[in-house]
Amino acid sequence: MPQNHPAVARAVVHQLGASRIREVANVGMGRDDVLPFWFGEPDQVTPAFIRDAAKGALDDGDTFYTHNYGIPPLREAIAKYLSSLHQPIDAGRVAVTSSGVSALMLLSQLIINPGDRVVAVTPLWPNVTEIPKILGAEVVRVALQFGETWELDLQQLLDALTPDTRAVLLNSPNNPTGWVMPREQQEVVLAHCRQHGIWIVADDVYERLVYSEQPSTDGKACAPSFLDIAEADDRLISSNSFSKSWLMTGWRLGWLVAPPTLMTDIGKLIEYNTSCAPGFVQRAGIVAIERGDEIIGNTVARYRAARDFLYQRLNALPGITAPRPKGAMYLFFRVDGVSDGLALCKQLVRDAGLGLAPGNAFGAEGEGYVRWCFASSLERLEDGVQRLERFLAA
């Protein structure tokens with residue numbers, strides 16, 4: 001047997017860290033007594049009218065390849081939807097992708113070279129920071145500041161955005177902290193990136209899950225976005241997904257908004273990655289956008305109540321400090337005395353039947369913190385808090 005050519009992956013891939021969230025979830029797999037709050041998904045199924053649209057499309061025989069960029073009616077629907085929230089956006093700038101994470105991979109393949117310097121505001125969902133590494137880039141982390149809420153030191157970010165930086169990765173509202181980037185900071189960052197030719201990669205998947213002091217009455221609440229202030233030809237790419245706003249995590253449907261000059265090359269990359277998103281899934285996406293305002297409004301109201309409930313309950317427990325998230329669907333809280341969050345979360349699964357995500361899954365700056373997805377009923381959240389309380393008391 002040959003010994004001089006071992007079957008191993010590229011070094012950069014081999015060195016990637018496995019998902020610590022999955023590692024915790026694997027401890028609880030097969031157990032019916034575990035309450036899972038580790039993944040970022042709701043406890044509700046996709047609404048029936050969206051599922052029915054997909055079934056109808058299948059019954060109509062929509063099982064063939066579609067256009068690389070997505071079917072025209074969906075691109076038009078996405079453009080109309082975004083234009084109602086931001087500045088007018090032409091459908092020609094929209095590309096449909098097979099999930100939000102696929103959108104992130106595509107845009108990274110589009111603009112990132114081996115050896116590039118990429119800056120990320122962290123802690124951050126690991127997929128966002130690991131994708132550039134797969135492509136051979138260096139990722140520089142700028143950590144959010146812990147306090148009553150999570151906040152960004154803007155000058156620290158600007159200092160990191162040196163002229164040799166290729167791109168900055170910004171997820172707002174943020175997974176895992178719930179941080180929301182204010183419009184004033186976005187304007188400063190946009191001007192800085194224009195000056196130095198730095199790409200802005202905006203992961204906008206949680207933009208509708210925002211909890212302002214005055215709740216929206218028209219169902220159109222939205223976090224501040226670079227799409228509100230950028231020109232069409234700015235070095236800005238926005239990625240988004242149907243997963244969070246329309247309760248469609250398992251459907252794997254997303255989109256990109258990019259400058260017009262990039263669209264031809266985006267089409268090539270989609271062809272060589274996935275070719276196209278499934279047609280019947282895209283048909284469901286159209287219906288979700290056109291009839292989904294009530295879903296989003298109900299979801300935001302439900303999550304707001306869940307956030308407030310969990311925020312109060314966790315901060316009442318000894319040894320826990322939970323900043324109040326302004327958006328997304330997570331509380332990222334500190335547990336005093338914890339130096340190995342992965343071990344803690346595994347023990348919580350084994351001993352308390354409680355599934356949470358370790359903070360160090362989102363980077364070293366997350367060590368000592370735990371993420372709790374609150375996209376759940378108050379009853380389930382209360383059960384989970386009681387399990388955590390008993391665990392801490394023991």
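P173 sits in the loop that runs between β5 (165-171) and α8 (183-196). In this predicted model, the bond between S172 and P173 is a cis peptide, with omega at about -10 degrees. There's another cis bond leading from T122 to P123, with omega near 0 degrees. P123 belongs to the loop between β3 (117-122) and α6.

Then there's S99, in the loop between β2 (94-97) and α5. S99 isn't a glycine, yet its phi is positive, at about 105 degrees. As background, most residues other than glycine have a negative phi, and most peptide bonds are trans.

## Where α5 meets α9

Now for some helix packing. Helix α5 (residues 100-111) packs on helix α9 (residues 263-273) at an angle of about 125 degrees, and their axes are 10 Å apart. Angles of 65 to 115 degrees count as roughly perpendicular and those over 145 as roughly antiparallel, so α5 and α9 are oblique to each other. The crossing of α5 past α9 is right-handed.

Who's actually touching? On the α5 side it's L106, Q109 and L110, while α9 brings D265, I266, L269, I270 and N273. Sorted by class, the residues of this α5 and α9 contact come out as five nonpolar, two polar and one charged.

## Where α3 meets α10

From α3, the residues in the contact are F49, I50, A53, A54, A57 and L58; they meet F280, R283, A284, V287, A288 and R291 of α10. The contact of α3 with α10 has ten nonpolar residues and two charged ones, with no polar residues at all.

## The largest pocket

On to the empty space. Rolling a probe the size of a water molecule over the atoms shows where such space is left. The largest pocket holds about 1,000 Å³. Its lining takes in 44 residues, and the ones nearest the centre are S19, I21, W125, P126 and N127.

Which elements give two or more residues to that lining? They are α2 (20-28), α5, α6 (126-134) and β7 (236-241). Of these, α6 gives the most, with seven residues. By class, the pocket lining splits into 20 nonpolar, 15 polar and nine charged residues.

## The cavities

The model also has three cavities of 30 Å³ or more. The largest cavity has about 50 Å³ of space. Its lining is made of I320, F333, V335, L344, L348, L356, V370, L388 and L392.

β10 (330-335), α12 (341-352) and α13 (378-393) each put at least two residues into the lining of the largest cavity. And what classes do the lining residues divide into? Nine are nonpolar, with no polar and no charged residues among them.

Technical notes: Residues numbered from 1 in each chain as written. Predicted model: local features only at pLDDT ≥ 70, side-chain atom pairs only at ≥ 80, totals over all residues. Heavy atoms only, no water. Axes fitted to C-alpha atoms, helices over the stretch in contact; angles between N-to-C directions. Helix = DSSP H or I, 4+ residues; strand = E, 2+ residues; numbered from the N terminus. Parallel < 35°, antiparallel > 145°, perpendicular 65-115°, else oblique. Left-handed = near helix turned anticlockwise from the far one by under 90°. Contact = heavy atoms within 4.5 Å. Nonpolar A, V, L, I, M, F, W, Y, C, P; charged D, E, K, R; others polar. 1 Å grid on protein atoms, 1.4 Å probe; cavity = no way out; pocket = protein on both sides within 12 Å on 5 of 7 lines; lining within 4 Å. Points joined across faces, edges and corners; volume = space filled by probe spheres on them.
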